[in-house]
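Look at the sequence and the model together. The text below goes from strand pairing to pockets.

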Amino acid sequence: SLPSQPNHTTQTRDLGLGIEYNTEIYTSADGSTAYFVASTEYPPEVNTEDKEDILQRVVDGMATYKDSEVISAEFSDFLGNKSIDFLIRVNEDGSIINLKGKAILIGQKLYMVYSGYEPRFYDDVAFNKFMTSFSVQ
């Protein structure tokens, strides 16, 4: 569960050739930690059969922002669905921010569940509570 009433935004992205898709993003914060839940419904034109490839591309894409690097990315299982657990370190103008969470691909739908925090403020109990509260309906 998110620690506070979430903010909601929708981003529309263009894959080219006139193919667009929307990402619904919910954000919430608790002190110095931000929490994110995002869902993307890929159009039928996007082949999602190679789930590991797509999940790895998603994580690698997150690490293209400014001075970022993937610290870890391990494939896992989420309720019988392919997922990837990740930790990305972002150097935001001299401040280090970690993005830690999970990307899950179920059919044509991608879910991203992660938190952003300065390493000194990381709270393992709060992170695990957030991650275990996520379910797909």
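The paragraphs below take the hairpins and then the pockets.

This is a predicted model, in which local features need pLDDT of at least 70, side-chain atom pairs count only at pLDDT 80 or more, and totals for chains, interfaces and linings use all residues. Residues are numbered from 1 along each chain as its sequence is written, and side-chain values use heavy atoms, with hydrogens and water left out.

Strands S4 (residues 67-78) and S5 (residues 81-92) run antiparallel and are joined by 11 bridges. Here strands (E, at least two residues) and helices (H or I, at least four) are DSSP runs numbered from the N terminus, and two strands pair if DSSP finds at least two bridges between them. Glu69 stands opposite Arg89 in S5. The two strands form a hairpin with 2 residues between them, and Leu79 in the turn has a positive phi of about 50°.

S5 is also joined to S6 (residues 95-106), antiparallel, by 10 bridges. Asn91 has Ile96 in S6 as its bridge partner. This hairpin too has 2 residues between its strands, with Asp93 in the turn at a positive phi of about 55°.

The largest pocket has a volume of about 740 Å³. A pocket is an open set of points on a 1 Å grid over the protein atoms alone, where a 1.4 Å probe fits, with protein on both sides within 12 Å along at least five of seven lines; lining residues have an atom within 4 Å of a point. Grid points are joined across faces, edges and corners, and the volume is the space filled by probe spheres set on them. Of its 27 lining residues, Arg13, Val58, Met62, Leu110 and Met112 are the closest to the centre. Helix H1 (51-62) gives the most to this lining, with 6 residues.
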